[in-house]
Amino acid sequence: MSASASVVERKPERKKVLVFRELPPDQLARLQALHDVTVANPRKPEERALFDSALGQAQGLIGSSYPVDAALLARAPRLEVVSSVSVGVDNYALDALQARGIVLCHTPGVLDETVADTVFALLMATSRRVVELAQLVREGRWTRNIGEDLFGSDVHGKTLGLLGFGRIGQAIARRAALGFGMPVVYHARRPVDLAATAPELVGKAAHVPLAELLARSDFVVAMLPLSGSTRGLVNADVFAAMKPGAIFINGGRGATVVEQDLLHALDHGTLRAAGLDVFATEPLPLDSPLRTHPRVTPLPHIGSATHGTRHAMALLATTSLLQALAGERPAAVYNAAQA
Ligand code: DGY
C-alpha cells in the first residue's frame, strides 16, 4: 500500500448548532452548509420543546436577548461555544462559561456608530420635545403658534457628560464635540489615551470625577455595561447631584439605573427629561410608569436596530461561531482565555 493511499481523507466534523434567535437567511445558510442546525426560539411557547431537546446535544449556540444562565448551561453538556449577536454579554453566566472552558463570542465594533446615532436621536428628541410636539400636530392641536410652555432647550454648545467611554461612548463624543460644538466630559474606570484611540477628540473630551461630571453636564448619557459593579449605579444620589434642568439618556443597560429613583427625580427633583432605549425589564411591562411618563421618551431597545448593522452583527457572530467550532481563534471572542 502506498503512503498516500493510507491517508484517510477526513471531512470536517458536522456539529450540532442551536440557533435560539432568528438569523438572516444568508447567515443561517452558512451554518447549515457545515453543521446540523436547529432553529428554536425558547421565548416562543411553540418552539420551547424543540429548544429544550436540541440544547442537550448542542455544541454551538447562537442568538441574543435570552438569559444563558448557569441552569441553562447545565442542560447543555456538549457545549463548546456560545456566540451572542450582541456586544453586551450580561445575559451570559460568565463564570460558568469560564469554568467549563466554553468560548463566548460577541459583536464589538460593528454597531458603535448606529448606537451612537440612536443616542443622539434621544438627545434631540428629549431636548426639542420632538415626540410630544409631533403628537400635538397629529391630534389636531396645532391651532395657533405654540407658546413658550412648549419650547425646548438647545443641544449645540451644551455640555455632554458620558458615563462610560468605550467605543460607543467615543462615537457619541465625536458627534457631540465635532458636530454640535459640545464640550464633552466623561467618567470611566480610567482615562482613555485619546491620542492613541481617538485623536480627533484630543482637547475636546476630558476625564473628570463623577461629581464634577454630574454638576457640569446638561446631558448625562449612561453607556454602561451591566455587571456587579454597575447594577443600580445611577441612583437617587446620582440624580440629586445632576445640574438642575439636566436631561438623562440611557443607551447602555436598563438595570444600571434605579428606575424608581429616576421617576422620583423627574417628578420631585429637577431632572428635565429622560430618553431611554433600555429598561431593567424588557419588554417594558405595561404597568411601568416610564412607559407613559410625559417627560420620558421610551424606545424599545433599538440601539443597533438598523438593517445594515443587525446584518453585520449576525455576520460577525456567525463567523466567530464557525471559527470556534473549527478550533480556530474566533474573530470576536469575549473570554479570550479559552480561545
Ligand atoms: C448589544 O449589542 O448589546 C445592544 O444592546 C444591542 O442593541
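**Helix packing, ligand and backbone**

Mentor: Helices α6 and α8 are oblique to each other (angles under 35 degrees count as roughly parallel, over 145 as roughly antiparallel, 65 to 115 as roughly perpendicular and the rest as oblique). This is a predicted model, in which local features need pLDDT of at least 70, side-chain atom pairs count only at pLDDT 80 or more, and totals for chains, interfaces and linings use all residues. Residues are numbered from 1 along each chain as its sequence is written, and side-chain values use heavy atoms, leaving out hydrogens and water.

Trainee: At what angle do α6 and α8 pack, and how far apart are their axes?

Mentor: Two packed helices are described by the angle between their axes and the distance between the axes. Helix α6 (residues 112–128) packs against helix α8 (residues 167–179) at about 55 degrees, and their axes are 8 Å apart. Helices here are DSSP runs of H or I with at least four residues, and strands are runs of E with at least two, numbered from the N terminus. Axes are lines fitted to C-alpha atoms, for helices over the stretch in contact, and angles run from 0 to 180 degrees between N-to-C directions.

Trainee: Which classes of residue make up the contact of α6 with α8?

Mentor: Contact means heavy atoms within 4.5 Å. Val-115 and Phe-120 of α6 are among the residues involved, as are Ile-168 and Arg-175 of α8. The contact has eight nonpolar, no polar and six charged residues.

Trainee: How do α2 and α14 pack?

Mentor: Helix α2 (residues 25–34) and helix α14 (residues 307–325) meet at an angle of about 15 degrees, their axes lying 9 Å apart. That makes α2 roughly parallel to α14. Their contact includes Arg-30 and Leu-31 of α2 together with His-311 and Leu-315 of α14.

Trainee: Which residues are around the ligand?

Mentor: Among them are Val-87, Arg-253, His-301 and Met-313; a residue counts if one of its heavy atoms lies within 4 Å. A backbone N or O atom of Val-87 is 2.7 Å from a ligand oxygen atom.

Trainee: What should I look for in the backbone?

Mentor: Most residues other than glycine have a negative phi, and most peptide bonds are trans. Ser-65, although not a glycine, has a positive phi of about 55 degrees; Ser-65 sits in the loop between β3 (60–63) and α4 (70–74). The peptide bond from Glu-282 to Pro-283 is cis, with omega near -10 degrees. Pro-283 belongs to the loop between β11 (273–276) and α13 (289–292).

Note on methods
Polar contact = N/O pair within 3.5 Å; in protein donor to acceptor, adjacent residues only side chain to side chain. Nonpolar A, V, L, I, M, F, W, Y, C, P; charged D, E, K, R; others polar.
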